[in-house]
Amino acid sequence: MHPMLLVLYACISFVPSANGKTVSGLFRSETARENIGQYITKFLFHGENGLIYCRVEDVQTAIEKEARLILFREQSWLNLLEGYDNLSCLEHLTNAQISITLTEEEHNHTMSQLQFPQTWYLMYVDRYTCQEGDITGVLKDTAFEIKMFNPDSAGNPLDHFSAEEAGLHDFYFLLILAYFVATCIYAQPLWQTIRKGGPMHTVLKVLTIALLLQAASAFLNYAHMARYSRDGIGAPLMGSLAEFCDMVSQIQMLYMLLSLCMGWTIGRSRKSQSKPLQWDTSPASTAIALSGVITQGALLLWEQFEDAEHHSYHTHGSMAGLFLIVLRITIALFLASILYQIITAERSTLKRDFYLSFAKGCFLWFLAHPALVVFSVVFSDYRREKIITIGVILCQSISVVILYRLFLSRSLYWEVSSLSSVTLPLTMSSGHRGRYYS
């Protein structure tokens with residue numbers, strides 16, 4: 001799997017960075033003329049006293065061009081895109097809800113009070129945008145910097161986060177705190193267990209690496225958002241690395257779960273069941289697992305390239321995202337059919353409980369994202385990304401805990417390897433153990 005991970009890392013390096021809410025660049029008349037306005041960015045304002053700050057370096061050139069910033073509400077923007085061919089250039093511009101004339105070096109425009117969060121699209125236009133015929137002379141570009149703010153908890157326009165991002169910074173902080181506490185409690189006994197080896201050694205290593213990658217992704221996202229809260233730009237490289245860590249974690253878990261299920265199924269028909277619950281790989285199980293990994297990896301990369309905003313846990317509006325949902329549901333159904341065959345053929349109550357618990361962890365991992373995407377439809381657009389992001393992280397963390405408990409519990413661990421230790425973390429309660437030992 002190492003060559004594939006190197007390819008993924010090389011590909012993710014070329015993924016475009018996230019668009020921050022501090023935007024700098026050049027106002028270009030040629031671009032505005034070709035596209036009936038130069039698109040700058042979008043921002044989801046909420047509450048009262050939202051602010052747009054614009055600084056222009058060459059004010060004289062901006063005045064000569066009659067430069068303006070225009071803003072469209074989301075519905076007006078979508079209507080314009082749908083009816084683009086039926087509108088003239090001037091009709092396109094006059095449909096803007098807000099127009100800001102750039103006649104000074106610095107401009108501050110306060111948004112009116114909003115009853116609910118609204119997405120606004122920002123564009124640059126000037127007197128050449130709708131001019132027909134050739135333009136004489138050279139049109140000088142104008143450097144700019146634009147910042148957009150929402151009101152903070154005190155009502156002051158100092159918050160760089162758009163409404164759909166608000167609260168994620170605090171969530172990642174709490175998540176990192178939870179990872180830190182869990183590490184302090186379970187790191188040493190878990191490390192001792194992994195060092196002992198045994199039939200569950202590979203599974204425990206993969207689970208631990210996947211969990212460390214999830215923790216790294218959370219930390220990188222937190223660091224990116226901490227800086228983003230100060231300057232509206234953040235650290236796009238950290239955001240890309242967070243995406244990369246999450247992708248590798250997803251791929252590792254998929255490979256492990258598919259390999260386990262296929263290994264158990266094929267192993268039952270070709271040798272004795274002295275150790276039926278260990279990871280029993282074969283060329284066939286490895287080939288099926290790698291096929292699923294390659295397919296998911298390709299779809300994840302496709303989705304990253306399609307997503308201009310580059311957020312984690314996308315709402316799956318793109319074609320690649322829809323294929324990812326279908327793939328996860330298909331894998332869940334495939335695993336369900338395999339586990340059903342194993343469970344119905346198994347006579348041991350202990351082993352059936354093992355496979356049932358394993359199935360819960362698998363389904364929670366694969367179906368959390370599709371289920372949350374469907375569930376989020378009933379909420380407003382600006383809440384969907386937060387619901388999906390927070391929900392998927394929590395569900396997949398619970399899935400990993402279920403699998404840890406399964407492979408580290410004293411009764412089941414004793415069943416598959418004849419080893420037992422009071423130092424094993426995440427063991428089942430004494431009452432639960434008694435049911436198996438009695």
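**Exercise 1: the surroundings of glutamine 38**

Glutamine 38 touches Leu26, Phe27, Arg28, Thr31, Ala32, Leu122, Met123 and Tyr124, leaving out residues up to four places away in sequence; contact means heavy atoms within 4.5 Å. This is a predicted model, in which local features need pLDDT of at least 70 and side-chain atom pairs count only at pLDDT 80 or more, while totals for chains, interfaces and linings use all residues. Residues are numbered from 1 along each chain as its sequence is written, and side-chain values use heavy atoms, with hydrogens and water left out.

Task: Find where glutamine 38 is placed, decide whether glutamine 38 counts as buried or exposed, and find which backbone nitrogen its side chain reaches.

Solution. 
- Step 1. Glutamine 38 belongs to strand E2, residues 38–45. Helices (H or I, at least four residues) and strands (E, at least two) are DSSP runs, numbered from the N terminus.
- Step 2. Glutamine 38 counts as buried because its relative accessibility is 10%. Buried means under 20% relative accessible area, exposed over 50%, and partly exposed in between, with a 1.4 Å probe and protein chains only.
- Step 3. The side chain of glutamine 38 reaches the backbone nitrogen of arginine 28 at 2.8 Å. Such a polar contact is a pair of N or O atoms within 3.5 Å; within protein, one must be able to donate a hydrogen and the other to accept it, and residues adjacent in sequence count only if both atoms are side-chain atoms.

**Exercise 2: two positive phi angles**

Task: Isoleucine 36 and glutamate 66 both have a positive phi. In which loops do isoleucine 36 and glutamate 66 lie, and what is the relative accessible area of isoleucine 36 and of glutamate 66?

Solution. 
- Step 1. Isoleucine 36 has phi near 50° and sits in the loop between helix H2 (29–34) and E2.
- Step 2. Glutamate 66 has phi near 55°; its loop runs between helix H3 (59–65) and strand E4 (68–73).
- Step 3. With a relative accessible area of 13%, isoleucine 36 is buried, whereas glutamate 66, at 49%, is partly exposed.

**Exercise 3: helices H6 and H7**

Task: Compare the end-to-end span with the expected one for H6 and for H7, then locate the bend in H6.

Solution. 
- Step 1. The expected span of a helix is 1.5 Å times one less than its number of residues.
- Step 2. H6 (residues 168–196) has 29 residues and reaches 39 Å from its first C-alpha to its last, close to the expected 42 Å.
- Step 3. H7 has 31 residues and should span 45 Å, which agrees with the 45 Å between its end C-alpha atoms. Just after H7, glycine 232 takes a positive phi of about 75°.
- Step 4. H6 bends by about 50° at tyrosine 186, and proline 189 follows within four residues. The bend at a residue is the angle between axes fitted to the seven residues ending there and the seven starting there.
- Step 5. The buried residues of H6 include Leu168, Phe171, Tyr172 and Leu175. Its buried residues pack against helix H7 (201–231) and helix H12 (381–408).
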